[in-house]
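Here's a quick walk through one model, with an eye on a loop and some charged pairs. Have the structure open as you read.

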Amino acid sequence: MKLNKIVMIIFRIAEICYWVGTAMCAVIAGGISMGQTSIITLLSDVDPSAGRDLVAFGFSIFPVDSQGNPVKGAYLIFFIAMVLMMALMAMVCRNIYLIFKTSAGETSFSKGQTPFQPDNIRMVREIGIFLMAIPVVGLIMSVVSRIALAGMEVETSVDLHFVMIGLAMICLSRFFAYGMELQDDVDGLV
């Protein structure tokens, strides 16, 4: 049980960090859209003059044109993608935290001290959906960058490993549903 408490604390802290990162990326994207590109170096460790790949959550974009000049639109697309992806990761962390609290019977909607509860099943399924949505956001932003930055040689890539983890979480939610059915059957016999 001590490990569960540690994991709950870690995921709560991670959730808060992801929400703060989401807000910072939103401020950066807003600043870029208003022509204030200096906000990039003010609020992040990204240096537009360095001309390096921007990579996060398997989504990457090379924000430099063929002459080596930074492409403002590529930075905007990257930070918009980060807003969406970080919000999804914050929700994953939130659900993990709530699953542990609910399983321990510490939430208002908990049905005792058991992991086999409808809300836990829903949250495990949501984790899978959120994880699968991350590369979908990357794919959408890749298409947006191709359209919005037509004529520029901006490269993008997307890693799809979150899809596999998301599918596994959706399958685990089915195991939890089956476990809840078995628990209900056993409770009905007693």
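## A loop and its salt bridges

T114 sits in the loop between α3 (72-103) and α4 (118-148); helices (H or I, at least four residues) and strands (E, at least two) are DSSP runs, numbered from the N terminus. This is a predicted model, where local features need pLDDT of at least 70, side-chain atom pairs count only at pLDDT 80 or more, and totals for chains, interfaces and linings use all residues. Residues are numbered from 1 along each chain as its sequence is written, and side-chain values use heavy atoms, leaving out hydrogens and water.

On confidence (pLDDT, the predictor's score for each residue, from 0 to 100), the chain has a mean of 87. Helix α1 (residues 2-33) comes out highest at 95, and strand β3 (residues 155-158) lowest at a mean of 78.

Back to T114: with a relative accessible area of 9%, T114 is buried (under 20%; exposed is over 50%, partly exposed in between, with a 1.4 Å probe and protein chains only). Beyond neighbours within four places in sequence, T114 is in contact (heavy atoms within 4.5 Å) with T102, S103, N120 and Q183.

The whole structure has 5 salt bridges (a side-chain nitrogen of Lys or Arg within 4 Å of a carboxyl oxygen of Asp or Glu), including these:

| Pair | Closest N and O atoms |
|---|---|
| E106 and K5 | 3.0 Å |
| K101 and E106 | 3.7 Å |
| E126 and R122 | 3.0 Å |

K5, K101 and E106 make up a salt-bridge network. E126 and R122 are both in helix α4, 4 residues apart.
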